Amino acid sequence: MNTNLSEAFEEEFLSFFALYMMNLVFAAITMAIGLAAVVQQLIPQPGAIQPGLVISSPVSLVVGGLAFVIGLVWIAATAKLLSSVRVVRRAYRQKKKRDMTPEDFTGMMVHMMTQYREQKQMINAMIIICLAGGCVLLVQGIVSAVMISGRVVGGGATFPVLLSILAVAFVMIMGGAAILISRCFRRYAKVWETRLDAMGRSELELKHMLERT
Amino acid sequence: MAERRSQYEIYWEVLSFCKSGKSFTAIINRCNLNSKAGQEHLGFLTGKGYLAVTKNGDKTIYTATEKAVEYTTLFSRLYQSVFDEIPGFRL
């Protein structure tokens, strides 16, 4: 039983960690894409005909700004979550250095339950932030795609258009991935909510035991 | 952080820690309790016979009783069954 539990813990920690790391990467990419879109709109591009501030697509500017802000909030929230996961993971590794007793496992479970209760609001927020980040990236991709299609119709140069299409595809893929991460967080929260519910029912047994005596 | 734990979890932590006798200060430090909450929980557990109190000079020492073993065993069993029965999160 201990080996199974140990393996289950390992897998679960790895999954949490991978999810949080991916989340951090996507948050950074969202922020970078947002910043790139804003810079592209605000800074005159080489070869621009009109000097000074010319915003070719206000929609792209707004969506880019939104992506940048969401990316920043997203990174800050992920960093907080990641640090608390690392605390639990470090505690687990410390205990794992020797043969873990059933008491150690129970201690880890209590630790993880406590951690989830602490992070619950943040994880719910993360579900929304990831979804919002994903949607903003998709909108950004659609806006860029519309702009590119205008250039294609206007007979723009092939190579820059091809590069733009690749960039749009990248943004759209990132958007889709962020939405997938939001779904992963939802699954993660669901697992823990189910455990909390089950533990709530089990606590009745503990309550009866304490009342009996 | 203490308020994020249920009272049953706190009881389990206290009773597990007090397998060998421990002082009040050691218990509240280890179990992350403030003095008031510590007194309440230890008072409850002592009253119910889960902790035995002995005096060692000026110090009051709390030691888990046989009844405490029943509680910690049941607690561990319930927790492990929750983790065994509900599949964990996998990517």
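This is a predicted model: local features need pLDDT of at least 70, side-chain atom pairs count only at pLDDT 80 or more; totals for chains, interfaces and linings use all residues.
**Entry 1: helix α1 of chain B**

I looked up α1(B), which covers residues 7-17. How many of its residues are buried? I found that 10 of the 11 residues are buried, so the helix is largely enclosed by the rest of the structure. I listed the buried ones: Tyr8(B), Glu9(B), Ile10(B), Tyr11(B), Trp12(B), Glu13(B), Val14(B), Leu15(B), Ser16(B) and Phe17(B).

**Entry 2: α1(B) against α4(B)**

Two packed helices are described by the angle between their axes and the distance between the axes. I looked up both values. Helix α4(B) covers residues 66-85. It packs with α1(B) at an angle of about 125 degrees, and the axes are 10 Å apart. That angle makes α1(B) oblique to α4(B). I also noted that α1(B) passes α4(B) in a left-handed crossing.

Which residues meet here? From α1(B) I wrote down Tyr8(B), Glu9(B), Tyr11(B), Trp12(B), Leu15(B) and Ser16(B). They meet Ala68(B), Tyr71(B), Thr72(B), Phe75(B), Ser76(B) and Tyr79(B) of α4(B). I then sorted the contact by class: eight residues are nonpolar, three are polar and one is charged.

**Entry 3: Thr60(B)**

Next I turned to a strand. Thr60(B) is found in β3(B), residues 59-64. Which side chain does Thr60(B) join in a polar contact of 3.1 Å? I found that the partner is the side chain of Lys55(B). I left aside neighbours within four places in sequence and looked up the other contacts of Thr60(B). They are Lys22(B), Ser23(B), Phe24(B), Val53(B), Thr54(B) and, again, Lys55(B).

Notes
Residues are numbered from 1 along each chain as its sequence is written. Chains are lettered from A and ligands numbered from 1 in the order in which they are written. Side-chain values use heavy atoms; hydrogens and water are left out. Axes are lines fitted to C-alpha atoms, for helices over the stretch in contact, and angles run from 0 to 180 degrees between N-to-C directions. Helices (H or I, at least four residues) and strands (E, at least two) are DSSP runs, numbered from the N terminus. Angles under 35 degrees count as roughly parallel, over 145 as roughly antiparallel, 65 to 115 as roughly perpendicular and the rest as oblique. A crossing is left-handed if the near helix is turned anticlockwise from the far one by less than a right angle, and right-handed if clockwise. Contact means heavy atoms within 4.5 Å. Ala, Val, Leu, Ile, Met, Phe, Trp, Tyr, Cys and Pro count as nonpolar, Asp, Glu, Lys and Arg as charged, and the others, Gly among them, as polar. A polar contact is a pair of N or O atoms within 3.5 Å; within protein, one must be able to donate a hydrogen and the other to accept it, and residues adjacent in sequence count only if both atoms are side-chain atoms. Buried means under 20% relative accessible area, exposed over 50%, partly exposed in between (1.4 Å probe, protein chains only).
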